[in-house]
Amino acid sequence: MSKFSLLMKQLYKSKLKSKSFISMTLLYVIAMSVAIFWSDIKELFTGNDEAQQIAIVNDTSADLSGIFVSNSDMTFIQDESNIKKLEQQVKDGKLAALVEVSDQNGQLHAEISTFQPLKLNDQSTISSLLQYAGQHYAVQKLSLTSDQAAQIMAAKTVISNKNLNEASTGGKSEEEKQSGLWVSYAVGILIYFFISTFLSMITTEIASEKGSRAMEMLLVSVKPATHFKAKIAGVLLLAMTQMGIIAVVFLIYAKFAKNGVIWEMATSIVKELSVGYVLYAMLFLVLTIILYLIVGALFGSLVSKVEEAGQVLMPAMMITLIGFYVMLSGIGNPDTIIIKVFSYIPFTSGMVMPMRIGATDIGMIEPLLSLGILLVTIIVAYLFSLSFYKRSVLTYSTGGVIQKFKTVLKVTT
Amino acid sequence: MTLQLQHVTKKYKDFTAVDNLNFTIEKGEIFGLIGQNGAGKTTTFRMILDLQETTAGTISWNGKPVNSINRDVLGYLPEERGIFPTMKVEDQLYFFGELRGMKKAALKKDIDFWISRFELEEKRKDKAETLSKGNQQKVQLIASFIHKPQFLILDEPFSGLDPVNKDLLKDAILLLKEQGTTILFSSHQMDNVEELCDHLCLLKRGVSLFSGSLLDLKKQYGKTKLSVRSNWSTTELLQLEGVKDVRVEKEQTVLLLEDERFAESIFQQLSAGKYIEKFSLDYLTLDEIFKDKVGGTVVEV
């Protein structure tokens with residue numbers, strides 16, 4: 001076995017068995033399980049809740065009873081009109097709220113009396129029902145036939161897109177953009193978590209070898225460049241393993257849980273997004289991780305002991321955080337200039353570009369350009385780190401990151 | 001099978017760590033590199049091991065530049081003890097052995113041999129971090145030569161070991177020498193150097209003060225250390241011809257002579273033809289030579 005594969009194997013095996021890796025992987029699986037079985041879990045917690053009792057007193061002549069339909073969350077009581085009695089029941093806690101609906105200058109007016117404030121969720125449900133009732137009331141006052149009224153209430157604009165630019169392959173529909181947005185969001189979060197996990201893993205791994213002085217023992221038999229490459233390859237392999245485990249668990253869930261509903265959902269999302277998108281997302285994911293691993297290895301070689309690893313990790317973590325927040329800002333509006341700018345910056349493009357590809361109308365050139373910048377950065381960072389690593393890995397210095405860089409340059413030139 | 005350093009120099013921006021160092025180590029020899037902290041010993045080792053580049057000069061092994069040889073012929077025990085804290089003792093030795101190109105099956109015999117020789121039998125399945133400092137050092141020492149290197153560098157191998165373990169280590173070094181290993185080691189403790197080394201090099205702030213055989217170094221000073229037990233006072237002794245310095249110790253008085261030849265006349269005067277309890281002329285110890293060479297400052301250990 002070559003020295004490279006020996007080093008890689010040793011790192012891979014020891015980390016695979018480490019508590020942090022196992023617990024992190026388990027956490028992903030648990031998070032995925034919770035997401036997939038969310039409705040069942042919610043039921044488990046909310047299923048036993050009694051429906052809220054809400055009394056509706058209608059002082060107008062219009063018939064609004066059809067709007068307030070009882071369900072599992074709320075029961076509407078509409079056959080009692082004694083306000084005093086109802087108010088007493090609210091005070092006693094038998095009723096959650098009393099809603100008094102009356103006419104004021106031709107508009108529907110509703111007064112909600114409570115003893116204890118309503119929960120936000122219930123409040124908004126009642127508000128929207130009342131809103132709807134208000135429209136209904138206005139329509140009824142126009143003395144239309146019930147058919148006409150129903151037509152107005154059900155009115156909806158049908159929108160279809162037509163692109164007059166023949167050269168373009170056609171913009172994405174809103175559904176496509178919407179699902180693109182959510183998938184990109186998921187990809188971004190995944191990249192963020194993977195980077196945080198494996199960036200700190202490689203940095204602390206190298207820092208601990210340096211700190212425990214095992215590094216000198218290793219570097220006598222292995223060239224620094226080989227060591228550097230083996231560390232990156234080993235951690236990358238771990239990242240792939242974790243991704244693999246997550247993917248397999250997801251596939252099992254998708255195929256067997258809930259009669260394959262999730263599988264259908266996933267395939268329909270992939271169809272909507274095109275295979276190209278999935279490929280791009282994967283490429284960005286892997287390349288971004290590689291870039292951060294190179295940086296992490298370089299930073300790990302700078303510190304003198306493992307306790308200092310956090311200190312050098314800080315700047316890199318900040319950059320991932322910036323990328324993450326820029327991506328989050330895109331959830332509301334993925335077309336802003338800040339998103340465009342960050343989709344080209346190599347350290348953040350992995351999180352931001354997939355969103356642009358998925359959720360906006362973007363040409364072929366932009367993603368390729370961003371990918372190209374990322375690749376070039378990786379190559380430059382790799383070559384630089386490789387030559388710097390040899391000098392920094394046995395230099396023990398104090399101070400901040402910049403101070404450490406300076407010390408390395410000073411004592412090795 | 002020789003290691004040769006010619007005009008080896010290592011310069012940093014604002015100081016010179018090693019300045020024009022020259023020495024040769026023959027096959028099967030034990031060579032000591034002596035100097036205070038910061039004298040340039042570790043830097044020299046790192047340059048030999050190609051962990052640091054030389055600013056000038058050449059280092060060759062059997063006539064070939066040291067950075068072009070197969071590194072598995074080298075073994076190194078760093079000054080700062082370093083092993084994998086969470087790896088088991090046995091796994092650690094297998095790992096370093098395999099990393100040096102050995103097969104697992106071939107390693108087993110040697111690992112068993114050295115583990116029992118260094119009395120680590122009970123610890124072989126323990127994690128390295130749970131071991132005492134001395135035991136960790138023994139594990140690391142085994143790791144440094146488990147692949148049977150032709151040339152072994154030991155940086156301060158004795159520091160932190162108790163007398164029993166020190167003897168174990170000395171025996172191991174002599175056994176390796178018997179097997180043909182060339183050994184270069186550094187130490188602050190001169191008694192170890194004196195006992196083991198055939199040749200040595202004395203470093204002071206990167207400059208070699210002496211390089212050659214131990215006997216030659218001692219001969220340079222001659223037999224100038226005279227221990228006596230007499231009723232002469234210090235002032236009287238100092239007035240004797242050829243006496244440079246007088247030091248009163250618990251059981252004896254030590255005179256430092258300008259030259260060996262004065263000893264005879266001093267004997268005549270002290271004894272005056274009568275019985276004398278102690279009169280012993282000897283070479284200086286390496287410790288004394290070292291202190292004299294580097295300027296009498298206290299050696300940090």
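Q: How many salt bridges are counted between chain A and chain B?

A: The count between chain A and chain B is 3 salt bridges. The model is predicted, so local features need pLDDT of at least 70 and side-chain atom pairs count only at pLDDT 80 or more, whereas totals for chains, interfaces and linings use all residues. Residues are numbered from 1 along each chain as its sequence is written, chains are lettered from A and ligands numbered from 1 in the order in which they are written, and side-chain values use heavy atoms, with hydrogens and water left out.

Q: Why is the pair B:E53 and A:K390 called a salt bridge?

A: The term requires a side-chain nitrogen of Lys or Arg within 4 Å of a carboxyl oxygen of Asp or Glu. The side chains of B:E53 and A:K390 meet at 3.7 Å, N to O, so the pair qualifies.

Q: Which helices of chain A supply at least two residues each to the side that touches chain B?

A: They are α1 (3-16), α8 (214-221) and α15 (401-412) of chain A. The largest share, 7 residues, comes from α8(A). Helices here are DSSP runs of H or I with at least four residues, and strands are runs of E with at least two, numbered from the N terminus.

Q: What makes up the contact between the two chains, and how much area is buried?

A: Contact means heavy atoms within 4.5 Å, and it takes 21 residues from chain A and 27 residues from chain B. Chain A and chain B bury about 2400 Å² between them, 61% of it on carbon and sulfur atoms. In chain A, A:E216, A:M217 and A:V220 lose the most area to chain B, together 29% of what that side buries. Buried area is the accessible area (1.4 Å probe) that two parts lose on being put together, summed over both.

Q: What links A:K15 to A:E205?

A: A salt bridge does, with the closest N and O atoms 3.5 Å apart. The pair links distant parts of the chain: A:K15 lies in helix α1 of chain A and A:E205 in helix α7 (residues 174-211) of chain A, 190 residues apart. Over all chains the structure holds 25 salt bridges.

Q: Why is the charged end of A:R213 said to sit over the ring of A:Y396?

A: The rule asks for NZ of Lys or CZ of Arg within 6 Å of the ring centre and within 35 degrees of the ring normal. The charged end of A:R213 is 3.7 Å from the centre of the A:Y396 ring and is assigned as sitting over that ring. In chain B, the charged end of B:K104 sits over the ring of B:Y94, 5.6 Å from its centre.

Q: How do you know that β1 and β3 of chain A are paired?

A: Two strands pair if DSSP finds at least two bridges between them. Strand β1 (residues 52-58) and strand β3 (residues 97-104) of chain A share 5 bridges in the parallel sense, so they count as paired.

Q: Which strand does β3(A) run antiparallel to?

A: That strand is β4 (residues 107-114) of chain A, joined to β3(A) by 8 bridges. Bridge partners include A:E100 with A:E111 and A:L98 with A:S113. The hairpin of β3(A) and β4(A) has 2 residues between the strands, and A:N105 takes a positive phi near 50 degrees there.

Q: What joins β1(B) to β2(B)?

A: A hairpin joins them through 4 residues. Strand β1 (residues 3-11) and strand β2 (residues 16-25) of chain B pair in the antiparallel sense over 6 bridges, with B:K11 opposite B:T16 in β2(B).
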